[in-house]
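I opened this notebook to keep track of what I looked up, beginning with a pair of strands and going on to the pockets.

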Amino acid sequence: MEDAAIQQGFENLKDGAAYDNLFAASECRAKADWLIGMNGTRAFTKKYGRKQTIGRVQTPTLAMLAERQAQIQNFVKEPYYKVELSGAGVVAVSEQMAQEQDADTMQAACDGQCAVVGGIERKRVEKKPPKLYDLTTLQREANRYYGLTASQTLQALQELYEEKLVTYPRTDSQFVTEDMRKTVESLVLALDGQTVDVSCVINNSKVTDHHAILPTMQGAKCNKEKLSETKQKILSLIIWKLVQAVQPPFIYEDILVTVCCQGWNFTAKYKDVLQPGYTAKPVPLVEPEKNKNASFPNDLEQGMVIPTVRAEKKQGFTSPPKVYTEAICCERGIRNRP
């Protein structure tokens, strides 16, 4: 998509034999379509007396959907119970109980009593920045954030590609090659004003026919307001993912507090952010989610006595499996094949 890249390609031509494996993979798919799709469609159409289409991707996908729908239709919700303990700024819960009587006994025994902080466990977690977009990941996140279908995302992406605002869309790679290092550095500088090390998105061995989806320099500098709403969203996602992918890791501590009362254990969970890293870059055109994690009470210590706690019984119900969305299907590996 860049003139310099095309020129570099002509200056470093390779023998066509270097791409024989790509041909072999394509031939394999074509044979599978013939053996499974064409023969299966003919066989099932003849057997049932009306058109029945069979496909190497379509049929297992349909089986997944039918199995999930049966699970949802046959699901019978069941109640469960917990006891919630609160006091001195701590809210801790018991394990789930199937019998309401057990929860009533625990609630009556603990309400108004003292409790002891039995333990505080800290676990440091470091999450690396997400990878760049391949087609499937982009479709999944466009559905999650904006409710776009896979076909809507692909159509907008194809139009952006034809307008030379993004690179080739039908790719299954989430990396770029070493020869693109300067291009990626220039893109990040233009988009975020940062000079960063982009080594984390470079991996020659994980790029086959096409590299990850990127904005072009033309796309980075274009006036997004002139694009349709859908194309604005898709281009904004691609730009966001590139900037996010080269940020520092997200570092935090998971804190598990155990509270003991009348011989029962209750637990409270907290998250202490040490370095926001890539999470400091919010999703474009989406209202930021409110932080649902309670703040860890700074004065909480192991062995500390909570003089009086309030115990409340909470009832919940088991949930059926979720209906498959396009985002979930993409996550399970169902791709929009070119």
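This is a predicted model: local features need pLDDT of at least 70, side-chain atom pairs count only at pLDDT 80 or more; totals for chains, interfaces and linings use all residues.

Residues are numbered from 1 along each chain as its sequence is written, and side-chain values use heavy atoms, with hydrogens and water left out.

I looked up strands β4 (residues 250–261) and β5 (residues 264–275), which run antiparallel and are joined by 11 bridges; strands are DSSP runs of E of at least two residues, and helices are runs of H or I of at least four, numbered from the N terminus, while pairing requires at least two DSSP bridges. Y252 stands opposite V273 in β5, and in the turn, where 2 residues separate the strands, Q262 has a positive phi of about 55 degrees.

Largest pocket. I found that 31 residues line the largest pocket, with A5, T177, D179, M180 and H211 nearest its centre; a pocket is an open set of points on a 1 Å grid over the protein atoms alone, where a 1.4 Å probe fits, with protein on both sides within 12 Å along at least five of seven lines, and lining residues have an atom within 4 Å of a point. Helix α1 gives the most to this lining, with 6 residues.

Second largest pocket. Of its 33 lining residues, I noted R144, Y145, T279, V283 and E289 as the closest to the centre, and α5 supplies the largest share of the lining, 5 residues.
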